Amino acid sequence: MPFESFVDDEISTMQEQLNESGRALETHEIQVPLGSIMHHVPSVLSGASVQDVINLMVSHDIGSIFVVSDESLKGIIGERDILLKVLNKLGDYANLSVDHFMKCDPLTLKPEDLLDTAIQHMAQGGFRHIPIVDDQHRPLGMVSVRHIISYLIEHFPQEVLTLPPKPIRNAMRAREGA
Amino acid sequence: MDVRILQEAIHHLDPHLADHVNIELPLAEAVAQMQEVTSEHQRGMGALLVTQEDKLIGIITERDLVRRVISQKRDIKRLTAGQVMTAQPETLTAEDPIVFALNLMHFGHYRHIPLVDEENKPVGIITSKDIIKYISQFIKSI
């Protein structure tokens, strides 16, 4: 019967779409070099003031800043460091040196290191940011959790971008009087 | 890594408990709570939920504190949690799929998503680090 045939075709199409949505993130997509997904992060010189760092964070809408000395990465300072070590604890912190508050010698990776390596280090170390440096330990950029999430979304657009604005709740609640 | 891991419910991320404070709490006390080092928060908390009559009404994040308090040189002793919070944050439930959290984090630039029950009472919070930790289980170890 034509109607049953139509329904069977629709179910078959829906099944194909369901199977297609179960796509795996291919190995080459996880083993992408960090150099291709890192982003630029501003730097301050060792000895710069905490106020300089705060101004940069606000103007660049960024949560982590590099601290360098002789072009070499010395440390990173993030919003958490400001929260934990500065706010509510020090009277006049604005002119204090950032060196007192930064995380010294953070874990770094190279631009040829791969995304899955960064993910594992972040998971194990609890980091949100990993600086990317060259052979002379000069900072080239940063890989952050935010950018990894964005990268994953770029590779699963069908699964993410077609979502409704809010999860559909109680969608099957029975209508009254229909 | 199979995309279907992102379609699992958020409770698979093992969400943190929802630390929350009343909207009228002095900000200095809220900050002290965020700075407290515990076994669950070994580097303090990046966000604190704000409630009014037990219902979620806002969230205070470390970013809010840097931008709305420190950079503007405001005195935290003269402020309340309600004056600094981001009001009516995006929320999810523990049963929503993880991919919704990714969607919100990407488009909203959020690092924290509060979880609520059907009465809009906070039950937990998930972070972008929770997503990374979850995904790391499905890719090769270093």
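Where chains A and B meet in this predicted model, the contact draws 40 residues from chain B and 38 residues from chain A. On the chain B side, α1 (27–35), α2 (62–70), α4 and α5 (128–136) each put in at least two residues. The largest share of that side comes from α5(B), with seven residues. Sort the chain B side by class and you get 21 nonpolar, nine polar and ten charged residues.

Let's stay with α5(B) and look at its partner across the contact. Helix α5 (residues 115–125) of chain A and α5(B) have axes that come within 9 Å and cross at roughly 115°. That crossing is left-handed. From chain A, the residues that meet α5(B) are Ile119(A), Gln120(A), Met122(A) and Ala123(A). Facing them in α5(B) are Ile132(B), Lys133(B), Ile135(B) and Ser136(B).

| α1(B) | 27–35 |
| α2(B) | 62–70 |
| α5(B) | 128–136 |

Next up is α2(B). Which of its residues are buried? They are Glu62(B), Arg63(B), Leu65(B), Val66(B), Val69(B) and Ile70(B), so two charged residues, Glu62(B) and Arg63(B), are on that list. These buried residues pack against elements of both chains: α3 (50–60) and α4 (79–85) of chain A, plus α1, β3 (55–61) and α3 (81–84) of chain B.

Leu65(B) turns up again in the largest nonpolar core, a set of 78 residues. Along with Ile60(B), Ala101(B) and Leu102(B), Leu65(B) touches the most other members. Take Ala101(B) as a case: leaving out residues up to four places away in sequence, Ala101(B) touches Ile10(B), Leu92(B), Ile113(B), Ile126(B) and Ile131(B).

Finally, a hairpin in chain A. Strand β5 (residues 129–133) of chain A and strand β6 (residues 139–144) of chain A pair in the antiparallel sense, over five bridges. His129(A) has Ser144(A) in β6(A) as its bridge partner. Between the strands of this hairpin there are five residues, and His137(A) takes a positive phi near 65°.

Technical notes
Residues numbered from 1 in each chain as written. Chains lettered and ligands numbered in written order. Predicted model: local features only at pLDDT ≥ 70, side-chain atom pairs only at ≥ 80, totals over all residues. Core = buried A, V, L, I, M, F, W, Y, C linked by C-beta atoms within 7 Å. Buried ≥ 20, exposed ≤ 12 C-beta atoms within 10 Å, placed from the backbone. Contact = placed C-beta atoms within 7 Å. Helix = DSSP H or I, 4+ residues; strand = E, 2+ residues; numbered from the N terminus. Pairing = 2+ DSSP bridges. Axes fitted to C-alpha atoms, helices over the stretch in contact; angles between N-to-C directions. Left-handed = near helix turned anticlockwise from the far one by under 90°.
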